[in-house]
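Some notes on the charged pairs follow. Please read them with the structure open.

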Amino acid sequence: MQSSGVSVFFVWMALWCLVPCSIEASDGFPSPLKRCKVEDESCLVAQAQTFFKAFKKGIPERQVTGLEPIDLGTMRVDSGGHSESLQFKLIMSNAKLYNLANSVVVKSLKGFTKDLTKPLKLTMVMDAPELEVRAKYDVDGKLLILPIVSKGDVTIRMTEVLTKCRIMAEPVKRSDGHAYLNITDYKTVTKIQGGHFNMSNLFNDNVELRESTLKVLNQEWNTLAVDVQPKINEACSKAFRSILQNLWNNIPYDEFFEDE
């Protein structure tokens with residue numbers, strides 16, 4: 001049961017689906033999306049789900065990046081406080097998140113309001129059968145009594161990822177008379193059924209040592225996840241908070257929804 005920042009990205013997707021964009025659609029949305037009434041959660045959920053399927057390559061003219069893959073940058077993990085047998089420093093560079101658009105299911109989306117006098121507290125629940133993080137790794141540490149000093153490719157597979165996320169934003173009135181959303185905070189909590197690590201070039205690709213080490217690492221998934229998952233969370237949060245805020249900077253919140 002670990003945190004996963006990837007869910008922050010899910011929130012951004014759903015909210016984008018509610019925003020009017022003048023791209024090849026008479027009602028202001030990129031086809032096949034449409035605006036919803038603010039209280040119609042089933043419509044909001046359906047539009048969020050439609051976005052994942054329709055815009056895997058993003059919307060470049062709106063600076064909305066694609067969903068396959070998601071660039072997470074560089075993550076640094078220091079482990080050792082949770083298990084005496086497993087201590088290491090791990091750098092994952094050029095990290096990317098895969099399989100989001102093809103697998104995610106939006107379960108609920110709540111908290112929107114037309115009241116522009118108070119902050120919004122949005123919650124969203126998502127389900128993803130399998131997500132992968134792929135990166136270049138550089139590790140220095142020990143497993144039991146074996147030193148691990150290696151570089152190569154790492155894949156982290158996470159299965160049955162159930163995510164609840166919260167994003168807080170406040171409407172800010174501008175000189176043009178419209179209110180725009182400013183993100184003040186967001187948090188995510190994710191339950192993960194299981195996970196699996198695969199790392200190339202361990203012990204210079206000594207097959208026996210590599211396979212036995214990976215076996216132990218995967219048996220210690222819960223211990224590893226305590227340190228690794230928060231770093232994935234931070235990377236996703238940094239990437240998508242910036243994207244979402246840049247998007248909202250140019251779209252009035254008082255134009256998000258269909259008229260009653």
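Is K231 buried, partly exposed or exposed? The model is predicted.

1. K231 counts as partly exposed, because its relative accessibility is 27% and the partly exposed class lies between the buried limit of under 20% and the exposed limit of over 50%. Its salt-bridge partner is E234, with the closest N and O atoms 3.8 Å apart. E234 is partly exposed too, at a relative accessible area of 46%.

2. K231 and E234 share helix α5 (residues 221-248). They sit three residues apart, about one turn of the helix.

3. The structure holds nine salt bridges. One of them joins R157 and E130, 3.8 Å from N to O. This pair links distant parts of the chain. R157 is in strand β5 (residues 146-173), E130 is in strand β4 (residues 120-143), and 27 residues separate them.

4. R157 has a relative accessible area of 29% and is partly exposed. E130 is also partly exposed, at 29% relative accessibility.

5. A salt bridge also forms between the side chains of D185 and R166, at 3.4 Å from N to O. D185 lies in strand β6 (residues 179-199) and R166 in strand β5, so the pair ties together parts 19 residues apart in sequence.

6. D185 is partly exposed, with a relative accessible area of 24%. R166 counts as partly exposed at 32% relative accessibility.

Notes
Residues numbered from 1 in each chain as written. Predicted model: local features only at pLDDT ≥ 70, side-chain atom pairs only at ≥ 80, totals over all residues. Heavy atoms only, no water. Salt bridge = Lys/Arg side-chain N within 4 Å of Asp/Glu carboxyl O. Helix = DSSP H or I, 4+ residues; strand = E, 2+ residues; numbered from the N terminus. Buried < 20%, exposed > 50% of the residue type's maximum accessible area, 1.4 Å probe, protein only.
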